[in-house]
Amino acid sequence: MDIRVFKTFIAVAENKHFGRAAEMLYITQAAVSARIKQLEEFYATQLLIRDKNNLRLTPSGETLLSHAHLMVSQMEQSKVALSIANQQKISFNIAATPNIWDAFFSSRIKDALDLFENLMLGTEISVREAIQRKLDDRTLDVGLLTDPIKDDGFTNELIGHFDLSLVGTRPEFDAELTDYILIDWGITFQKEHVLHHKIIPSFKSSTAMIALEVILSKGGFAYLPNEFVADLVNKKKLYVIESPIQIKRPIYMVYRKNNINENLINEFRQLFTNSQ
């Protein structure tokens, strides 16, 4: 039996809704139905009671649920066991959204690599939706996000903040300039920005690194992380502009509950919080 069938059953049981389970797994609702039907045919029993707007488990479904959790967990543990048996390094995978990567994680990769000499660290930059999907299917251990994942299956830990400042290649800033770059720093920033600035941006980006490259090559202004531009400000290549927006963005370390790499997660939590 494909382990994805049991993951689908768990998702339906937790969400009590085929559509929401399909969204969480990034598959179609028809695929969810087919997998549940496959389970019911395999066990020759009804697992779900499908009343209108009231989906619940049968006694057989309740019994299977605990076994499904166990099978999924054992499958993940078997990957680690085989890795050790083959004398391979244990893998630990972290993903960050583009701006968390630029503002926080990129400067801490060396410290992360030094944490364990026998650890194979995998890193990637990805959008929030992809990070959540990979955390859910456990191909990712930790996600670094500016907003928590509001799901009972996830743990969200606030491990720090980073500050944004308005910087530019010139010390003068006014509403008539034509080289302002708007970076997507999330909903809180967008609300503050609309309230205090009436500037039409010449360029938009979701990545601080790209915005900085444009500013340094063509000139201009943008809100960038303090740590990210501190050296350029000290060298007078960028100027800090007085701004009505004071943005402190949170950094959440997000991971699935009952992660088999819990000890490693604790070590990385300590690394991240100590480096703030």
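A residue is called buried when its relative accessible area is under 20%, exposed when that area is over 50%, and partly exposed in between, using a 1.4 Å probe and protein chains only. Arg 108, at 6% relative accessibility, is buried by this rule. The model is predicted, so local features need a pLDDT of at least 70 and side-chain atom pairs count only at pLDDT 80 or more, while totals for chains, interfaces and linings use all residues. Residues are numbered from 1 along each chain as its sequence is written, and side-chain values use heavy atoms, with hydrogens and water left out.

**Nonpolar cores**

- A nonpolar core is a set of buried Ala, Val, Leu, Ile, Met, Phe, Trp, Tyr and Cys residues joined through side-chain atoms within 4.5 Å.
- The largest nonpolar core has 48 residues, and those with the most contacts inside it are Phe 92, Ile 94, Leu 144, Leu 224, Phe 268 and Phe 272.
- Apart from this core lies another, of 24 residues, among them Phe 6, Ala 21, Leu 47 and Leu 48.
- Phe 268 is in contact (heavy atoms within 4.5 Å) with Phe 92, Ile 94, Ala 112, Leu 115, Leu 119 and Leu 121, leaving aside its neighbours within four places in sequence.

**Aromatic pairs**

- Rings of Phe, Tyr and Trp (its six-membered ring) pair if their centres lie within 6.5 Å; planes under 30 degrees apart count as stacked, over 60 as edge-to-face and the rest as tilted.
- Ten aromatic pairs are found in the whole structure.
- In one of them, Phe 92 and Phe 268 are stacked, at 4.6 Å centre to centre with 5° between the planes.
- This pair links distant parts of the chain, 176 residues apart: Phe 92 is in strand 3 (residues 90–96) and Phe 268 in helix 11 (residues 262–274).
- Helices (H or I, at least four residues) and strands (E, at least two) are DSSP runs, numbered from the N terminus.
- Phe 92 is buried at 0% relative accessibility, and Phe 268 is buried at 0%.
- Trp 101 and Phe 105 form an edge-to-face pair, 5.4 Å centre to centre with 80° between the planes.
- Both Trp 101 and Phe 105 lie in helix 5, four residues apart, or about one turn of the helix.
- Trp 101 is buried at 15% relative accessibility, and Phe 105 is buried at 0%.
- One aromatic cluster is formed by Phe 92, Trp 101, Phe 104, Phe 105, Phe 268 and Phe 272.

**Salt bridges**

- A salt bridge is a side-chain nitrogen of Lys or Arg within 4 Å of a carboxyl oxygen of Asp or Glu, and the count comes to nine.
- Arg 108 and Glu 227 meet in a salt bridge, at 3.4 Å from N to O.
- Arg 108 lies in the loop between helix 5 (98–105) and helix 6 (109–115) and Glu 227 in helix 10 (residues 226–234), so this pair ties together parts 119 residues apart in sequence.
- Whereas Arg 108 is buried, Glu 227 is partly exposed at 47% relative accessibility.
- Lys 248 and Asp 163 also form a salt bridge, at 3.0 Å from N to O.
- Lys 248 is in strand 11 (residues 247–256) and Asp 163 in strand 6 (residues 154–168), so the pair ties together parts 85 residues apart in sequence.
- Asp 163 is partly exposed, at 31% relative accessibility.
- Asp 2 forms a salt bridge with Arg 4, their closest N and O atoms being 2.7 Å apart.
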